[in-house]
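This report describes the structure shown below. The chain fold is treated before the contacts between the parts.

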Number of protein chains: 2
Amino acid sequence: MADDKASRKQIILKEAARLFREKGYIASNLRELAKRAGIQGGSLYHHFDSKQEILFQLMDNTMTDMVTSLSTLLAGNLDPEEQLRQLMHFHISYTICGPDETYITDDELRNLNADNYLQIIAKRDAYQKLFEEVLLAGSRQQGWLVVDHKLIARAAIQMGTGVASWYQPDGPMSIEQISAHYAELLCKGLLPRNSA
Amino acid sequence: MADDKASRKQIILKEAARLFREKGYIASNLRELAKRAGIQGGSLYHHFDSKQEILFQLMDNTMTDMVTSLSTLLAGNLDPEEQLRQLMHFHISYTICGPDETYITDDELRNLNADNYLQIIAKRDAYQKLFEEVLLAGSRQQGWLVVDHKLIARAAIQMGTGVASWYQPDGPMSIEQISAHYAELLCKGLLPRNSA
DNA sequence: AAGTTAACCTAACAAACGTTAGGTATGTCG
DNA sequence: CGACATACCTAACGTTTGTTAGGTTAACTT
């Protein structure tokens, strides 16, 4: 493979994602992370300056990926209702099946230092804005009643994010079914009462 | 006052709630907790067996209070739509303004040991069941389309819980407005399409 | 007054932690 | 061949942590 150059660093990030997801950032220690990555504790500092930097790169990579992936997904100019469905499905499936990093991005914000926090928040806001734009398009084209687009965007994201805390692959509902239900709930919820 | 007897223990729990909410359970240390409670580090062990027990009592007290408070609130037999409104308002306002403990109950589940975890989960399920019952009542009395009541209950709870992560007292929306919007979103979302 | 208990303090222990310093092997390049 | 950088190891450092042991004080009880 040609990715043998950056591979160890990638392995560390991958294992850090799994470890942080399992135990949380603070409860995780670098010696175990190193062991999982197949190296010795101190060797981590050849690739990263600090534990904090591992967390930051993890979250930064993930947020960047989420924003760009979702952007291209919405680029095909569909109608807002279909876009909302795609939004929910992307968010939920990415949160659950996607890289473990996603889960972390929501939970570990408080453990970022001031500078890193601002950078991640900026990207998280960009992600949220994609939701808001679909809602605004829907209020123009579909007559959605969007009193506060930020409020609804956050509700949609939070509904979706929360799925990861209870979803089980062998449970009664597939990710497709869950996201479809949630999208439908939102679509109907946004229509004015007694509309056709 | 007559509450001087149990008061120091109550102070500790109160300060622990604030501290854990600020920094998280693991990142909080007992010396700072003790300082905030006005005693010395080691003295905590006169009131509690361990740090873990502080977390557990915190969460247990809160969950118990939430279940009983919400139960009595729903006891006045209103129609399901009004009950759903009350549900959302209670959940959001309790999460935000209520004791800081509430916030913790969602975030620190993973830091409970096995026994304590089961106890808290049981009460959390009882809380969720209150939501489910309102949804089931609504599907009988209001024609709500509730395909999976657990799914919707979780969505409602997660929407509400998430508010705490961005709500600001001096922001543009009051808690009443937020919960009203969310309740309305759910009510409409649950009605069949094109219904009267 | 004597005994007992609750509530606290002080000081320390042992473990775990992030981090660092110094060394070794391997490969690359002039 | 020699210089050098990369990728790692080993071993330790200093700090912080939860926890414990032993002592002190004040308030009840008998």
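The surface near DNA strand C is made up of three nonpolar, ten polar and three charged residues. Like everything that follows, this description rests on a predicted model.

**The surfaces near the DNA strands**

DNA strand C has 16 residues around it, and those that come nearest are A:Asn29, A:Gly42, B:Ile39, B:Gln40 and B:Gly42. Two helices of chain A, H2 (30-37) and H4 (51-75), each supply at least two residues of this surface. DNA strand D is surrounded by 15 residues, of which A:Ile39, A:Gln40, A:Gly42, B:Asn29 and B:Gly42 are the closest. The surface near DNA strand D divides into three nonpolar, nine polar and three charged residues.

**The fold of chain A**

Chain A contains nine helices and zero strands, and its pattern along the sequence reads α-α-α-α-α-α-α-α-α. The C-alpha trace of chain A spans about 65 × 40 × 35 Å along its principal axes. Of its 196 residues, 34% count as buried. Among the contacts in chain A between residues at least 6 apart in sequence, 71% join residues at least 24 apart.

| Helix | Residues | Number of residues | Span, first to last C-alpha | Expected span |
|---|---|---|---|---|
| H1(B) | 7-23 | 17 residues | 24 Å | 24 Å |
| H9(A) | 175-190 | 16 residues | 22 Å | 22 Å |

In H1(B), the buried residues are B:Ile12, B:Leu13, B:Ala16, B:Ala17, B:Leu19, B:Phe20 and B:Arg21. B:Gly24 follows this helix and has a positive phi, near 90 degrees.

In H9(A), the buried residues include A:Ile178, A:Tyr182, A:Leu185, A:Leu186 and A:Lys188. The partners of the buried residues of H9(A) come from both chains: these residues pack against H5 (80-96), H7 (114-141) and H8 of chain A, and also against H8 and H9 of chain B.

**The contact between the chains**

In the contact between the two chains, 25 residues of chain B meet 25 residues of chain A. On the chain B side, helices H8 (149-163) and H9 (175-190) each supply at least two residues. H9(B) gives the largest share of that side, seven residues. By class, the side of chain B that touches chain A holds 14 nonpolar, six polar and five charged residues.

A:Gln158 counts as buried because 20 other C-beta atoms lie within 10 Å, and the cut-off for a buried residue is 20 or more. Apart from neighbours within four places in sequence, A:Gln158 is in contact with B:Gln158, B:Met159 and B:Gly162. Within chain A, the C-alpha atoms of A:Gln158 and A:His91 are separated by 9.9 Å, although the two residues are 67 residues apart along the chain.

**The relation between the two copies**

Chain B is superposed on chain A by a rotation of 180 degrees with 0.0 Å of shift along its axis, at an RMSD of 0.0 Å. This relation is that of a two-fold axis. The C-alpha of chain B nearest the axis belongs to B:Gly189 and lies 1.8 Å from it. Both copies use the same surface, since 100% of the contact residues of chain B recur in chain A.

Methods:
Residues numbered from 1 in each chain as written. Chains lettered and ligands numbered in written order. Predicted model: local features only at pLDDT ≥ 70, side-chain atom pairs only at ≥ 80, totals over all residues. Helix = DSSP H or I, 4+ residues; strand = E, 2+ residues; numbered from the N terminus. Expected span 1.5 Å × (residues − 1). Buried ≥ 20, exposed ≤ 12 C-beta atoms within 10 Å, placed from the backbone. Near = placed C-beta within 6 Å. Nonpolar A, V, L, I, M, F, W, Y, C, P; charged D, E, K, R; others polar. Contact = placed C-beta atoms within 7 Å. Least-squares fit on C-alpha atoms with pLDDT ≥ 70 in both.
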